[in-house]
Amino acid sequence: MEIIIEFLKTTGFASMTGGNAVMILIGIMFIALAIIKDYEPLLLVPIGMGAIVGNIPVTDGMSLSVYDEGSVLSFLYFGVSKGIYPPLIFLGIGAMTDFSTMLSNPKLVLLGAAAQIGVFLTFLGALCLGFTLKEAGAIGIIGGADGPTSIFLASKLAPPLLGAIAIAAYSYMALVPVIQPPVMRLLTTREERLIRMKPPRKVSRREKMIFPVVAFLICALIAPGAIVLLGMLFFGNLLKESMVTERLANTARTSMIDMVTILLGFSVGASTQAEAFLTRQSLLIFGLGALSFVIATAGGVLFAKFMNLFLTDKINPLIGAAGVSAVPDSARVVQMVGQQEDPHNFLLMHAMAPNVSGVIGSAIAAGVLWAVLTKAAT
Amino acid sequence: MNDRARSDILPAARWIYRGSLATVVRAHLLSHTTLVAADRLIHDHLYTHLSIVITPMTASIIMNAFWDDTIRENLSEGIQIAIAGMVIVASALALISLFIATLPHLLAVIGKFWPDVEASHSRHARTENLVSKNEAVLAAIGYVLHCEVQKRASSERSVD
């Protein structure tokens with residue numbers, strides 16, 4: 001009898017806290033959102049399941065959680081805490097990405113830069129709320145709407161906030177179809193939303209092959225902190241465009257990115273243990289994260305309107321919203337909002353240009369913040 | 001009120017008078033002496049024209065109430081980092097944009113000295129097509145032969 005009582009004390013029921021229950025509910029909610037609403041299922045299902053696993057209370061002495069040295073989960077989490085998974089995901093993204101629309105309309109690259117204002121204003125907002133410079137830098141990058149970049153920078157600048165930042169980044173990325181449309185409609189007139197853009201020109205194979213090498217050199221020489229992420233992104237793209245490494249490109253964009261996504265999503269979810277995650281700081285990070293997405297979207301749209309003041313071939317300002325990276329969801333949102341006004345207006349391919357330049361922009365922003373803040377004392 | 005203070009106050013006061021609110025950041029940039037003088041000036045001359053005014057002094061009070069020295073130090077450093085960061089990101093992407101814009105022209109020049117890679121790839125693709133066409137023909141011949149052999153075999157069986 002005594003053994004049974006002792007065993008019951010070690011069960012999850014006995015040591016379950018309110019915080020654990022809340023986090024398990026959040027995990028279930030993520031899974032439900034992914035399955036029912038189809039919000040980023042590839043990310044929310046692993047994160048949701050990870051959150052459930054990470055919040056099952058364990059007995060002292062049993063090495064089980066991501067924070068316990070030597071546990072299986074801690075080895076999986078190693079790729080997150082050391083920033084190994086994000087560059088591998090970037091390799092896969094590079095092997096998937098077609099830069100053709102960007103190469104055919106280079107001025108759209110600037111929209112990706114404009115949307116990065118979300119990163120830097122959120123950084124200032126975090127400082128106003130009392131976060132340290134390093135923490136604020138890691139929080140600010142949520143505005144880049146790029147999960148792997150957020151994880152990478154958080155692992156370098158503010159490891160204790162990694163869980164909250166990763167969850168905020170991925171949650172808001174999943175909520176892009178909810179967050180962006182009201183901002184886009186608010187900042188544009190119907191006439192602007194109806195603008196049809198010229199079809200992109202055909203890009204030669206040679207341009208596509210030269211671009212990743214030279215673009216990497218430009219970015220890396222300006223912001224060396226971004227070499228890991230951008231190196232892998234452009235390497236993946238070179239594998240795709242060179243046409244002689246099709247097998248490697250295929251592996252990078254299918255099995256490899258899938259495996260890394262599973263490991264990253266699950267271990268990030270498992271790191272959201274209630275005692276580490278349910279804090280005032282996490283709430284502030286979530287608030288700042290939502291704000292950063294709004295600012296980034298507004299920045300892109302307003303800059304597109306500004307560009308239209310000088311352009312003869314007007315651009316549809318909606319595509320500015322795709323300057324937040326969130327590939328390809330924000331581009332899809334642009335297409336959706338555009339088609340609500342004019343069902344025959346196809347903005348997706350145009351929106352992919354600021355979308356991929358947003359990926360480059362957020363990686364550069366991360367590199368800059370890492371380089372500058374790594375020396376900061378606080 | 002000294003000249004320096006006046007020169008600081010007047011543009012600030014004019015700015016507020018045009019209907020804008022004095023921002024916290026602007027107030028932060030003014031010295032304490034100037035803040036007191038500006039506050040008095042705004043109160044004496046402009047208060048009747050504006051229903052709500054966040055004067056530099058009140059802004060300063062708000063800042064002191066909510067932000068300690070560390071936050072203010074971080075914020076001033078953060079503003080510099082944010083501006084520099086935005087400039088760097090914009091410059092990098094502007095350079096990429098310029099490079100992309102010049103790339104077709106560069107390729108046109110290079111193309112004169114260096115044969116187009118696309119041509120060799122298309123040759124490679126054509127060879128692949130040729131091979132696949134040959135394979136298709138071989139498969140068709142094989143199928144016809146197989147059908148013939150089957151037909152003969154069945155006719156032989158029926159004779160037996």
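This is a predicted model: local features need pLDDT of at least 70, side-chain atom pairs count only at pLDDT 80 or more; totals for chains, interfaces and linings use all residues.
A:Leu153 is found in helix H11 of chain A, which covers residues 147-157. A:Leu153 is buried, with a relative accessible area of 0%. Leaving aside the neighbours within four places in sequence, A:Leu153 is in contact with A:Gly137, A:Ala138, A:Ile141, A:Ala158, A:Ala366, A:Leu369 and A:Trp370. A:Lys208, by contrast, is 55 residues away from A:Leu153 in sequence and 29 Å away in space, taken from C-alpha to C-alpha.

Helix H11 of chain A also holds A:Ile151, and this residue counts as buried, at 0% relative accessibility. When residues up to four places away in sequence are not counted, A:Ile151 touches A:Val80, A:Pro86, A:Leu162, A:Ala166, A:Tyr170, A:Leu264 and A:Val268. Between A:Ile151 and A:Gly163 there are 12 residues in sequence and 8.5 Å in space, again from C-alpha to C-alpha.

Helix H21 of chain A has 26 residues, and the span from its first C-alpha to its last is 36 Å, which is close to the 38 Å expected at 1.5 Å a residue. This helix is mostly covered, since 20 of its 26 residues are buried. H21 runs over residues 348-373 and is one of the helices that each supply at least two residues of the side of chain A that touches chain B.

In the loop between helix H20, residues 329-341, and H21 of chain A lies A:Asp342. Is A:Asp342 buried or exposed? With a relative accessible area of 11%, A:Asp342 is buried, because buried means under 20% relative accessible area. Its side chain is joined to the side chain of A:Arg196 by a polar contact of 2.9 Å. Not counting residues up to four places away in sequence, A:Asp342 touches A:Leu194 and A:Arg196.

## Backbone features in the loops of chain A

Most residues other than glycine have a negative phi, and most peptide bonds are trans. A cis peptide bond joins A:Val327 and A:Pro328, with omega at about -10°, and A:Pro328 has its place in the loop between helix H19, residues 280-308, and H20 of chain A.

The other two places concern phi. A:Asp38 is not a glycine, yet its phi is positive, at about 60°; this residue is found in the loop between helix H3, residues 18-37, and helix H4, residues 41-54, of chain A. A:Ala145, also a residue other than glycine, has a positive phi near 55° and lies in the loop between helix H10, residues 133-140, and H11 of chain A.

## Chain B

Chain B has 6 helices and 0 strands, and from the N terminus on its elements run α-α-α-α-α-α. Of the 160 residues in chain B, buried residues make up 27%. Among the contacts in chain B between residues at least 6 apart in sequence, 57% join residues at least 24 apart.

The size of an interface is often given as the accessible area lost when the parts come together. Chain A and chain B bury about 3200 Å² between them, and 82% of it is on carbon and sulfur atoms. A:Phe120, A:Cys128 and A:Arg206 supply 20% of the area that chain A buries against chain B, which is more than any other three residues supply. In terms of contacts, 47 residues of chain A are in contact with 34 residues of chain B.

How many salt bridges does the rule find across the interface of chain A and chain B? The rule finds 0 salt bridges there, and the count of residue pairs in polar contact between chain A and chain B, both at pLDDT 80 or more, is 1. Helices that each supply at least two residues of the side of chain A that touches chain B include H7 (100-104), H8 (109-114), H9 (117-128) and H15 (205-222). The largest share of this side, 11 residues, comes from H15 of chain A. By residue type, the side of chain A that touches chain B divides into 32 nonpolar, 9 polar and 6 charged residues.

Note on methods:
Residues are numbered from 1 along each chain as its sequence is written. Chains are lettered from A and ligands numbered from 1 in the order in which they are written. Side-chain values use heavy atoms; hydrogens and water are left out. Contact means heavy atoms within 4.5 Å. Buried area is the accessible area (1.4 Å probe) that two parts lose on being put together, summed over both. A salt bridge is a side-chain nitrogen of Lys or Arg within 4 Å of a carboxyl oxygen of Asp or Glu. A polar contact is a pair of N or O atoms within 3.5 Å; within protein, one must be able to donate a hydrogen and the other to accept it, and residues adjacent in sequence count only if both atoms are side-chain atoms. Helices (H or I, at least four residues) and strands (E, at least two) are DSSP runs, numbered from the N terminus. Ala, Val, Leu, Ile, Met, Phe, Trp, Tyr, Cys and Pro count as nonpolar, Asp, Glu, Lys and Arg as charged, and the others, Gly among them, as polar. The expected span of a helix is 1.5 Å times one less than its number of residues. Buried means under 20% relative accessible area, exposed over 50%, partly exposed in between (1.4 Å probe, protein chains only).
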